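Me: I have a structure open and a few things to ask about it. Can you go through it with me?

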Amino acid sequence: MSLGIVSKDQKKYTQAERRLQTTGDFKPIMLLGLLGGSMPLDPLINKINGRTKRVKKQIVAEKKGSNIEKLSGYYSESFYVNELGICTQYVSGFKVYVIENNTFAKELEKRETAMLRFMIIDLANKYKQNISCEDK
């Protein structure tokens, strides 16, 4: 970066995203390359054996895992227990529940902390309706 070869704002790919680049995403338009004799076979083979689909699922799972880590960085364990009223045994399940909400995940990507707080309180109320805390 200091030499000016690579810019600062270059996108950094995760391991699964790099794997998808090497796997190659098959597009039907690639079949036209057959006429010219320049169609790459790897994307077609990976599409047939399902590797491309598996790699795409890994990307989604990796994204959710990183979102859970971000969420853990924003709020401590005591926030979930004391302020939201979620039992300690359900905190990790609640984090997964929150990340599965698409609008919350988008706001988490934008890093809108004020909006996240309102949304997490609303989601906590919905989550508490479905569970029962029985501390023994």
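Me: What classes of residue make up the lining of the largest pocket?
Reply: The model is a predicted one. The lining of its largest pocket has 8 charged residues, 2 polar and 1 nonpolar.

Me: Which residues line the largest pocket?
Reply: Lys11, Lys12, Thr14, Glu17, Ile59, Glu62, Lys63, Ser66, Lys70, Glu109 and Arg111.

Me: And what is the volume of the largest pocket?
Reply: About 220 Å³.

Me: Which helix gives the largest share of the lining?
Reply: Helix H4, residues 51-74, with 5 residues.

Me: Lys11 is on that list. Where does Lys11 lie?
Reply: In the segment before helix H1, which covers 15-23. Lys11 is partly exposed, with a relative accessible area of 49%. Lys11 and Gly37 are 26 residues apart in sequence, and their C-alpha atoms are 33 Å apart in space.

Me: OK, on to H7. Which residues of H7 are buried?
Reply: In helix H7, residues 102-110, the buried ones are Phe104, Ala105, Glu107 and Leu108. They sit on the same side of H7, because the arc they cover around the axis is only 165 degrees. Asn102, Lys106 and Lys110 are exposed on the other side of H7.

Me: Why would residues three or four places apart point the same way in an α-helix?
Reply: Because an α-helix has 3.6 residues a turn.

Me: A Glu among the buried ones. Why does Glu107 count as buried?
Reply: Its relative accessibility is 16%, so Glu107 falls under the 20% cut-off for buried.

Me: What is Glu107 in contact with, leaving aside neighbours within four places in sequence?
Reply: Glu107 is in contact with Glu112, Met115, Leu116 and Met119.

Me: And what do the buried residues of H7 pack against?
Reply: They pack against H4, helix H6 (91-100) and helix H8 (113-130).

Me: Then H6. Which residues are buried there?
Reply: The buried residues of H6 are Val91, Phe94, Lys95, Val98 and Ile99. Their arc around the axis is only 135 degrees, which means that they are on the same side of H6. Their packing partners are H4, H5, H7 and H8.

Me: Change of topic. How many residues are in the largest nonpolar core?
Reply: The largest nonpolar core has 18 residues, and those with the most contacts inside it are Leu71, Tyr80, Leu84, Phe94, Phe104 and Ile120. Helix H5 (77-83), H6, H7 and H8 each supply at least two residues of this core. The largest share comes from H8, with 6 residues.

Me: How exposed is Lys64, and what does Lys64 contact?
Reply: Lys64 is partly exposed, with a relative accessible area of 30%. Leaving aside neighbours within four places in sequence, Lys64 is in contact with Ile99 and Glu100. From Lys64 to Ala105 is 41 residues in sequence and 8.5 Å in space, C-alpha to C-alpha.

Me: And Ile45, which helix is that in?
Reply: Ile45 is in helix H3, residues 41-49. Ile45 has a relative accessible area of 46%, so Ile45 is partly exposed. Ile45 and Phe26 are 19 residues apart in sequence, with 8.9 Å between their C-alpha atoms.

Me: Last one, Lys126. Where is Lys126 found?
Reply: Lys126 is found in helix H8. Lys126 is partly exposed, with a relative accessible area of 40%.

Me: What separates the C-alpha atoms of Lys126 and Ile68?
Reply: A distance of 19 Å, with the two residues 58 apart along the chain.

Note on methods:
Residues are numbered from 1 along each chain as its sequence is written. This is a predicted model: local features need pLDDT of at least 70, side-chain atom pairs count only at pLDDT 80 or more; totals for chains, interfaces and linings use all residues. Side-chain values use heavy atoms; hydrogens and water are left out. On a 1 Å grid over the protein atoms alone, a cavity is a set of points where a 1.4 Å probe fits but cannot get out, and a pocket is an open set with protein on both sides within 12 Å along at least five of seven lines; lining residues have an atom within 4 Å of a point. Grid points are joined across faces, edges and corners, and a volume is the space filled by probe spheres set on the points. Helices (H or I, at least four residues) and strands (E, at least two) are DSSP runs, numbered from the N terminus. Ala, Val, Leu, Ile, Met, Phe, Trp, Tyr, Cys and Pro count as nonpolar, Asp, Glu, Lys and Arg as charged, and the others, Gly among them, as polar. Buried means under 20% relative accessible area, exposed over 50%, partly exposed in between (1.4 Å probe, protein chains only). The arc is that of the directions from the helix axis to the C-beta atoms. Contact means heavy atoms within 4.5 Å. A nonpolar core is a set of buried Ala, Val, Leu, Ile, Met, Phe, Trp, Tyr and Cys residues joined through side-chain atoms within 4.5 Å.
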